Amino acid sequence: MRIRIVDAFTSRPFAGNPAGVLLLDAFPDDAWLQNVAKEVNHAETAFAHPLPEGGDADWALRWFTPATEVAMCGHATLATAHVLHSTGTTKGPVRFATLSGVLVATPNEDGSLTLDFPTAPLTEEPVPEGLAEALGARPLSVRDSGPSVGDLLVELPDEATVLGLAPDLKALGAHSARGVIATAPAEDPARGYDFVSRCFFPNVGVDEDPVTGSAHTALAPFWADRLGRSDLTGLQASARTGLVKVSLRGERTLLTGSAVTVIDGELDSRP
């Protein structure tokens, strides 16, 4: 069967966030899916198969890290939609049935794709004891992002602090279900982004995620409230970097980005 590696939230190879994508006839057993994701060894591998016509969704979609299945993943959804459109498998919007409900990916004239995801419900909390030491920086505020995202969103004072983080990942894992989103306002919005972030997910086997679509469902409402605008651009300042355009629409958040296929090959180990 064919397997593709797609760099998501970037328009150039070897940037953004790589994801494995496999289009199947049906889902094999979970152990095989997990083994493939472990072999691919990227933050996420997406598995999708077509659904009967006339239903609420067109494709079933699941996401696995090298360690576990997750309930929501933006970049691997973008990567899957990119494969479906770039190969001519589908045209127009595509609806995915997922653990987070039906998620829609819509192609744009410039070749980018827009994902329609649920907005994360943010709840402000006291700064947990030990978080500053684990992160290596003192938070201004923290917010829980709800069960679907499962992260602690941590506000830091400036972009330089976010870029300079070198957290204790083992200690950081004690503070949320999946991990920590560290964020701050852009030092210079004229550079083309409004805020920066870095995402650390030790609890699902991903020390630092290159570009995280799901995290931006929490970053969008946070920065929309701070900056007074619903349409924003975030820079995820990992080593690979990537840009995510966000549009807050109440209970839904639109995530727009590009993707590029860098590897198109064959997987020999069938279920």
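Okay, so before anything else: a residue is called buried when its relative accessible area is under 20%, exposed when over 50%, and partly exposed in between, using a 1.4 Å probe and protein chains only. Helices (H or I, at least four residues) and strands (E, at least two) are DSSP runs, numbered from the N terminus.

What you see above is a predicted model, where local features need pLDDT of at least 70 and side-chain atom pairs count only at pLDDT 80 or more, while totals for chains, interfaces and linings use all residues. Residues are numbered from 1 along each chain as its sequence is written, and side-chain values use heavy atoms, leaving out hydrogens and water.

Let's start with helix α6, residues 216-227. Nine of its 12 residues are buried, so it's mostly covered. Among those buried are His-216, Phe-222 and Trp-223.

Who are its partners? Two strands pair if DSSP finds at least two bridges between them. Look at Ile-181 in β12: Leu-153 has it as bridge partner, and Cys-199 in β13 stands opposite it.

Last stop, Thr-114 in strand β8, residues 113-118. Is Thr-114 buried or exposed? It's buried, because its relative accessible area is 15%. Its side chain makes a polar contact of 3.0 Å with that of Asn-108; that term means a pair of N or O atoms within 3.5 Å, and within protein one must be able to donate a hydrogen and the other to accept it, with residues adjacent in sequence counting only if both atoms are side-chain atoms.
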